[in-house]
Every structure is written in C-alpha cells, then in structure tokens.
Amino acid sequence: MSTAELLSIEPHELKFVLELKKQISSSLQLSNNTDSYVAFKVKTTNPKKYCVRPNTGIVLPRSTCDVIVTMQAQSEAPPDLVCKDKFLLQSVKTHDGATTKDISAEMFNKELGHVVEESKLRVVYVAPPQPPSPIQEGSEEGSPPRGSVSENGNANGADSTAAKELISRLTEEKNNTIQQNNMLRQELDLLRRESNKNRGGVSIIFVILIGLLGIIMGYLMKKT
C-alpha cells in the first residue's frame with residue numbers, strides 16, 4: 001500500500017494481464033485518511049492509451065473511492081512485457097461539502113500556493129496464464145500414445161469389412177457343401193433302391209459313396 005498524508009493508494013502499481021486485441025481494466029482504491037474533503041486528479045503519460053473513470057473526484061473524510069483504469073486493445077506486446085507508461089495521482093484538501101463540480105485545474109497548481117500531494121504509479125504488464133498442455137490419452141511411459149478417434153474409427157471399419165467378407169465366404173462354402181451332400185444322398189438312395197431290386201451284395205460304388213459322404217460330413221462339421 002502506498003501511504004500518504006491525504007490519500008492512500010491500493011495497489012501502488014497498475015497491473016494489466018496483457019491479452020492482445022482486448023480491452024483490459026485495472027482498479028485502484030483511494031482511501032481518505034483525514035477528516036477533510038480531499039479532491040483528486042489522475043494523469044497519465046499516455047492519455048490516448050488509457051481511459052480513467054473517474055479521472056477527478058472528491059473523497060469524503062475517512063472514506064474510499066474506486067478508480068477504474070481501462071487500457072485500449074493492443075495489437076502487439078512490447079519486448080519482455082516492459083511498459084514505460086506512468087500515472088500521477090494529485091490530491092489536495094478542499095472545503096467541506098465540496099463536489100466534483102467544484103474541482104478546477106487551479107486547485108492542483110502548486111504555483112498558486114496550493115499544497116498538492118502527488119503519488120506516482122507505474123504500469124506493469126502480466127503475461128496471461130498458459131492453458132494446460134494437452135495430454136494424449138493412454139500415453140504412459142514406455143507405451144505409444146493411442147490413435148485419434150478418426151484413426152480408431154477407420155481401423156474398426158476395416159476390421160468390420162474383413163469380418164463380413166469372411167462370414168460371407170464361409171456361408172457360401174457351407175451352402176455348397178450342403179448342396180453337394182444332398183446330391184450324394186439322392187444318388188445313395190437311388191443305389192440302395194437298385195440294390196434292393198437286384199438283391200445283390202453291396203456294390204463297390206455304394207461303398208465309395210458312403211466314404212465320400214463321411215469325408216464331406218466331417219469337413220462340414222469343422223467349418224461350422
């Protein structure tokens with residue numbers, strides 16, 4: 001806190017969190033430490049850059065007054081965030097019951113014999129807080145980071161297509177096997193009928209067909 005006989009200033013410097021292309025405000029609190037009415041006036045070395053509200057006023061005895069300083073939007077930051085702008089707060093005792101309408105430039109003129117108290121304030125730029133760095137999900141020590149959502153989506157799509165093709169191929173093979181099995185059954189039934197008519201022994205062809213049927217049935221059971 002900057003202490004003075006008339007007005008105390010808190011804080012003793014103007015801090016601006018510098019964000020480019022954005023208006024930024026900083027506040028001061030003036031405290032009247034006396035039993036008198038105190039008039040004040042705020043000046044700056046760069047009036048086009050800052051807007052001060054109020055830039056003049058009256059602080060009642062043992063009271064406070066807030067001053068808002070707004071910096072115009074800046075297009076670029078100065079090197080090392082060093083600002084040479086400064087502010088000057090002038091204060092002077094005035095008569096009881098004074099209002100802002102009673103304030104004049106002559107009140108702060110030392111050459112006219114007025115006791116003017118002055119406090120200088122510097123401007124400090126503060127870098128804005130940096131956002132937390134993005135952490136890739138699942139990126140643990142010794143393990144590669146997970147792929148992005150789009151990569152996972154493409155991989156899942158490829159796996160799904162391959163699975164559908166495999167199921168389609170197996171289904172087709174199964175249907176072909178069933179069709180061949182039915183044809184062999186029909187031929188086997190025909191041979192049985194002929195064998196019953198002739199009342200002869202089992203023919204060699206009949207034995208071969210039974211063997212083929214067994215092989216096909218075994219292959220079909222493995223596929224399913």
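This is a predicted model: local features need pLDDT of at least 70, side-chain atom pairs count only at pLDDT 80 or more; totals for chains, interfaces and linings use all residues.
View 1. Residues are numbered from 1 along each chain as its sequence is written, and side-chain values use heavy atoms, with hydrogens and water left out. Over residues 167-194 the chain is 100% helix and 0% strand, with the end C-alpha atoms 41 Å apart; helices (H or I, at least four residues) and strands (E, at least two) are DSSP runs, numbered from the N terminus.

**View 2. The largest nonpolar core.** Among the 25 residues of this core, F16, F40, Y50 and F87 touch the most other members; a nonpolar core is a set of buried Ala, Val, Leu, Ile, Met, Phe, Trp, Tyr and Cys residues joined through side-chain atoms within 4.5 Å. Strand β7 gives the largest share of this core, four residues.

**View 3. The surroundings of Y50.** Leaving aside neighbours within four places in sequence, Y50 is in contact (heavy atoms within 4.5 Å) with residues including F16, V69, F87 and Y125.

**View 4. The buried residue E13.** E13 lies in strand β2 and is buried, with a relative accessible area of 10%, where buried means under 20%, exposed over 50% and partly exposed in between (1.4 Å probe, protein chains only). A polar contact of 3.1 Å joins the side chains of E13 and R122, the term meaning a pair of N or O atoms within 3.5 Å, of which, within protein, one must be able to donate a hydrogen and the other to accept it, and residues adjacent in sequence count only if both atoms are side-chain atoms.
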